[in-house]
Amino acid sequence: MSERPTVEMWTDGACKGNPGVGGWGAWMRYGAHERELFGGEVLTTNNRMELTAVIEGLRALTKPCDVVLHVDSQYVMNGVTKWVAGWKRNGWRTGDKKPVKNQELWEALDAEVARHTVRWVWVKGHAGDPGNDRADELANRGVEQVRSRA
């Protein structure tokens, strides 16, 4: 058993138009403690917001943790668990030799994942998972925050 804290985290991204105004959200729980994070960008994509949510959630952890990370994005889940090792080996090129989209975010995510022990859990979005619903609300709060500043 690890002596590191175990944190449960749910992340989500939202985009109004794709590309368009986007937001990201992360909700985490450690024992009785909870933390909400959210933000957004004026012009972005849904995939970028999904990645940003995970990066910012992991970045907020001040020390290495065991993280149970719930995502509803197959793009993020497959990217981390199946594709990133090959991309790095191939100089950040896909199997058909094209540059990896969102490379800077994948590199940031790879660095954050390396700090922690992460167990990835895919959840179906908008299907009643309370943590996913909360992360979605936070992502939409990020969208509204960006819109209110515009």
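On a 1 Å grid over the protein atoms alone, a pocket is an open set of points where a 1.4 Å probe fits, with protein on both sides within 12 Å along at least five of seven lines. Its volume is the space filled by probe spheres set on the points, which are joined across faces, edges and corners. This is a predicted model, in which local features need pLDDT of at least 70, side-chain atom pairs count only at pLDDT 80 or more, and totals for chains, interfaces and linings use all residues. Residues are numbered from 1 along each chain as its sequence is written, and side-chain values use heavy atoms, leaving out hydrogens and water.

Let's start with that pocket. The largest pocket holds about 240 Å³ of space. Its lining has 13 residues, and Val-7, Met-28, Tyr-30, His-33 and Leu-61 are the closest to the centre; a lining residue has an atom within 4 Å of a point. Strands β2 (20–30) and β3 (33–44) are the elements that each give two or more residues to this lining. Here strands (E, at least two residues) and helices (H or I, at least four) are DSSP runs, numbered from the N terminus. The lining comprises 7 nonpolar, 2 polar and 4 charged residues, where Ala, Val, Leu, Ile, Met, Phe, Trp, Tyr, Cys and Pro count as nonpolar, Asp, Glu, Lys and Arg as charged, and the others, Gly among them, as polar.

Next, follow β2 and β3 into the sheet. It is an open sheet of 5 strands with mixed pairing, in the order β3-β2-β1-β4-β5; two strands pair if DSSP finds at least two bridges between them. At the edges, β3 and β5 (117–122) each pair on one side only. From one strand to the next, the twist averages 20°. Strands β2 and β3 are antiparallel over 10 bridges, and they form a hairpin with 2 residues between them, where Gly-31 in the turn has a positive phi of about 60°. Along this pairing, Trp-24 stands opposite Gly-39 in β3, while Gly-23 stands opposite Gly-40.

Helix α1 (residues 46–59) lies across β1 (6–17), β2, β3, β4 (66–71) and β5, at about 155° to β1. Helix α4 (residues 130–149) lies across β1, β2 and β3, at about 140° to β2. Axes are lines fitted to C-alpha atoms, for helices over the stretch in contact (heavy atoms within 4.5 Å), and angles run from 0 to 180 degrees between N-to-C directions.

Finally, look at some backbone details. Most residues other than glycine have a negative phi, and most peptide bonds are trans. The bond from Asn-18 to Pro-19 is cis, with omega near 15°, and Pro-19 lies in the loop between β1 and β2. Lys-97 has a positive phi, near 70°, in the loop between α2 (74–89) and α3 (103–115).
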